[in-house]
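Subject: Structure handover

Dear colleague,

Here is the structure we spoke about, with the sequence alongside. My notes on it follow below.

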Amino acid sequence: MELRVLKYFLMVAREENITKAANLLHVTQPTLSRQMMQLEDELGVKLFHRGKYHITLTDDGMLLKRRAQEIIDLTDKTVQEFAQGSGELTGEIAIGCGETRNMTFLSRKMAAFRKAHPLVRFNIYSAIADDIKERIEKGILDIGLFMEPVDIGKYEFIRLPDKERWGILVRGDSPLAGKDVVTPEDLLGVPLIIGRRELVENELANWFGAAFEKADIAAHYNLILNAANMAKNGVGAAVSFEFDISYDELKFIPFSPTLETGAVVAWKKNQTFSQAAAAFIRLIKDSF
């Protein structure tokens, strides 16, 4: 497979139309059609469901789309890493970040780093720990900001000093809104929106104790903005950290007994980094 053909494939997948994709790629429609058929022959699978006016991806096509995007991202990142010129630090540093107040630490370090090295840029990928680890293992990300619990046995890391406090986001008209804290018993019979990480769910189960078996799990989420929207629109109470932001019509109520979570900045041990990423890691280390 050639990178050029993978880029062609991604354009076709995005546009769902050979003619539109060909125009955007500045190639002829017959040429693009032939390239896609040759790609199917090379892989031995059918990538498209071809209709009269548009095409859609098969299951194999969806898999290739995901893999092709990872390959293109890694290729672009590699080019950036070798784009070092005239002694000035350049390139891109890719960081995966969980949603946490500890992002403030990284944001301040990024601002300080760019003052010293203005040609360096950051690529931030927001996701849960499992997704970030997967992208670090594939070489797409350099560094991860993880919320614990997380398995970082293969990583070098620095534990950040600030703890995240757990609680719930509820509407102002919720019967719970008048409370200063909520207990496991308070949440029985309340639809809950919780994070989809298994390790996090285990932490919550330990906090609930025996009451967790009776908990009403209405939905899972991975990004708090969507969870807050669901809470605002009556899906349930969103179990989350306390953030330094406010949500319209929502109130944060902490857990009792208190449940706190730590955060770590981590990167692979014995990894060869670009000059920019290595310099940023040194900055993080020197902060402690």
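Beyond its neighbours within four places in sequence, Asn-17 is in contact with Val-12, Tyr-53 and Ile-55, where contact means heavy atoms within 4.5 Å. The model is a predicted one, in which local features need pLDDT of at least 70 and side-chain atom pairs count only at pLDDT 80 or more, while totals for chains, interfaces and linings use all residues. Residues are numbered from 1 along each chain as its sequence is written, and side-chain values use heavy atoms, with hydrogens and water left out.

The loop around Asn-17

Asn-17 sits in the loop between helix H1 (3-15) and helix H2 (18-25); helices (H or I, at least four residues) and strands (E, at least two) are DSSP runs, numbered from the N terminus. Asn-17 counts as buried because its relative accessibility is 17%; buried means under 20% relative accessible area, exposed over 50%, and partly exposed in between, with a 1.4 Å probe and protein chains only. The side chain of Asn-17 reaches the backbone nitrogen of Thr-19 at 3.0 Å. A polar atom of that side chain also lies 2.9 Å from the backbone oxygen of Tyr-53. These are polar contacts, meaning a pair of N or O atoms within 3.5 Å; within protein, one must be able to donate a hydrogen and the other to accept it, and residues adjacent in sequence count only if both atoms are side-chain atoms.

Glu-16 belongs to the loop between H1 and H2 as well. Its phi is positive, about 55 degrees, although Glu-16 is not a glycine. Glu-16 is partly exposed, with a relative accessible area of 36%.

H2 packs against helix H3 (residues 29-43) at an angle of about 110 degrees, their axes 9 Å apart. Axes are lines fitted to C-alpha atoms, for helices over the stretch in contact, and angles run from 0 to 180 degrees between N-to-C directions. H2 is therefore roughly perpendicular to H3, a label for angles of 65 to 115 degrees (under 35 is roughly parallel, over 145 roughly antiparallel, the rest oblique). H2 contributes Ile-18, Thr-19, Ala-21, Ala-22 and Leu-25 to the contact, and H3 contributes Gln-29, Leu-32, Ser-33 and Met-36.

The sheet

An open sheet of 5 strands has the order E4-E3-E5-E13-E6, with mixed pairing; two strands pair if DSSP finds at least two bridges between them. Strand E4 (120-126) and strand E6 (155-159) are at the edges with a single partner strand each, so one side of each has no neighbour in the sheet. Direction ignored, neighbouring strands of this sheet are turned by 25 degrees against each other on average. E6 and strand E13 (residues 263-268) run antiparallel and are joined by 5 bridges; Tyr-155 has Lys-268 as its bridge partner in E13.

Helix H6 (residues 129-137) packs on the sheet, touching strand E3 (91-97), E4, strand E5 (143-147), E6 and E13. Helix H9 (residues 275-286) lies across E3, E4, E5, E6 and E13, at about 50 degrees to E3.

Points to check in the backbone

Two peptide bonds are listed here as cis.
- Glu-148 to Pro-149 has omega near 5 degrees, and Pro-149 is in the loop between E5 and E6.
- Ser-256 to Pro-257 has omega of about 5 degrees.

Regards
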